[in-house]
Amino acid sequence: MSSRSFLVAALAFSLFATGCVAGTSGAAEGGNDQPFEGEVEFWTINLKKNYSDYINGLIADYQKQHPQVTVKWVDVPGQESATKLLAAVASGEVPDAVNVSSIELGRFTPSLEPLDAYFTQGDLADFQPNLVEPLRTGGKLYAVPWYNGGSPVAMYRRSVMDKVGFDPAKPPVSYDEALALADKVFGKTKVNGFNAIPDHNTLRYYGVELLSPDKKAVFNTPQAAEVLEKFKKSYAAKGIAPGAVSKDIRNLPQTLENGQVAFKAHANAAELLNVQKNAPDVYKDLLVTAPVQMSTGGNLLLAQQAFSIPKASKNKKAAAEFIKYFTNGANQLAFCKIVPIYPSTVSSTKDTFFTAVSGDDPMAAARSVIVKGLPQLKYTPIGTNKDAELGELLSEEVRAFLTGTKSAKEALDTAEKRWNDALA
């Protein structure tokens, strides 16, 4: 929630969205003097199939409130979202308000409009401050938050874990404990424990710093090598599933869904949707608990979805107003009630939907875990315009290490050079 399924399957779940506003003829560019009218061309990514009623309902309500605004909805395939935005920026025919994953935000920042002139402190007051601040670059706000995966959770198959005496009241609190449990599970049941590899986020959970203030790789340390060795030991013992080294992280060979791993020590609650839909018997068998934590306590928020306005927009005022409406607390809460995501608005979290959770349904249990973990949630991206690329560069070297192609030192040496070359 690992972030694999959420961002990437939501990553499989993949809920991204873009809002866009095309300007009216003759509208002045830039600033709040623009007319609050025009056509809003609203892009989403992979939402139309499952969430048409929700989005069409919001559009209809908005147009009733603002008869001078017309909203046009366009749904974009997830795998084409970044490419489509890049092409739009290159052509100058941009969407006016676009949903960008925080992982990709730095990549597009040069082509985005600072939002400070359009969003006052009052407009931002309901957003969680720890989610807003990371969207600033050089003191300027380039996006406003929408939704995120919330605090991570852990998921365990009761039928397997009962055989090793697992106590759901005392789940692993560190990756070291999760590795030990994974090895124990395979030793007693011949079911692989889990399918994580020590990627850049895992290193951060062990307290390994990734970059220096001047953007140089600093993760090539004895501590990092020790972490890699711990995972390789478990990989060799089959506590970690053999398919964990697959580059196709959306379609790993061994998963909870196909019954070939026993647990996920760190996942996004959105992954429960995939299990519920594709493997209902496994879903009924799941125990949901708090996940492993960082060495300093708490958990990382690996990504969030946010809205931005491209510089080339001809109707920035209308774009900003539509974003304010689409991301308000009431509308975010409504979205959270139909899909297991977490809102960026404080008011949404105070609803009984989050505060009065009961029962042992995995989804309900996940909401309870999320709410309890939010105060310790930390959104700290790598902080470059190539975060996604850097993460994959390190993962490539980790895979080479786990499969015996390289030593830990060779893998880290190569990854360090590749990071520094990419950031040069």
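Analyst: Let us begin with a pair of strands. Strand 4 and strand 12 (residues 304-308) run antiparallel to each other and are joined over 4 bridges. Please keep in mind throughout that this is a predicted model.

User: Which way do the residues of strand 4 point, and are they buried or exposed?

Analyst: In strand 4 (residues 98-101), V98 and V100 point to one side, while N99 and S101 point to the other. Residues on both sides are buried.

User: In what order do the strands of this open sheet lie?

Analyst: The sheet has 4 strands, arranged in the order 4-12-7-13 with antiparallel pairing. Strand 4 and strand 13 (342-343) are at the edges with a single partner strand each, so one side of each has no neighbour in the sheet.

User: What covers the buried residues of helix 14?

Analyst: The cover includes helix 2, helix 13 (316-326), helix 15 (346-349) and helix 16 (352-355). Strand 7 (144-148) and strand 13 also contribute to it, and both of these strands belong to the sheet in the order 4-12-7-13.

User: Which residues does Q332 contact beyond its neighbours within four places in sequence?

Analyst: Q332 lies in helix 14 (residues 329-336). Its relative accessible area is 2%, and it is therefore buried. Beyond its sequence neighbours within four places, Q332 is in contact with Y54, F127, P145, W146, T327, P343, S344, T345 and S348.

User: Why does L58 count as buried, and what does it touch?

Analyst: L58 is part of helix 2 (residues 48-65). It counts as buried because its relative accessibility is 7%. Setting aside residues up to four places away in sequence, L58 touches Y325, F326 and N331. Of these, N331 is one of the buried residues of helix 14.

User: How do sequence separation and distance in space compare for L58 and S368?

Analyst: These are two separate quantities. L58 and S368 are 310 residues apart in sequence, and their C-alpha atoms are 28 Å apart in space. For V371 and Q254, the corresponding values are 117 residues and 30 Å. V371 itself is in helix 17 (residues 362-373), and at 29% relative accessibility it counts as partly exposed.

User: How may I describe the protein as a whole?

Analyst: Its secondary structure comes to 19 helices and 14 strands. The C-alpha atoms fill a box of roughly 70 × 50 × 30 Å along the principal axes. A compact globule with 424 residues would have a radius of gyration near 22 Å, and the value of 22 Å for this protein agrees.

Terms used: Residues are numbered from 1 along each chain as its sequence is written. This is a predicted model: local features need pLDDT of at least 70, side-chain atom pairs count only at pLDDT 80 or more; totals for chains, interfaces and linings use all residues. Side-chain values use heavy atoms; hydrogens and water are left out. Buried means under 20% relative accessible area, exposed over 50%, partly exposed in between (1.4 Å probe, protein chains only). Helices (H or I, at least four residues) and strands (E, at least two) are DSSP runs, numbered from the N terminus. Two strands pair if DSSP finds at least two bridges between them. The radius of gyration is taken over C-alpha atoms; the globule rule is 2.2 Å times the number of residues to the power 0.38. Contact means heavy atoms within 4.5 Å.
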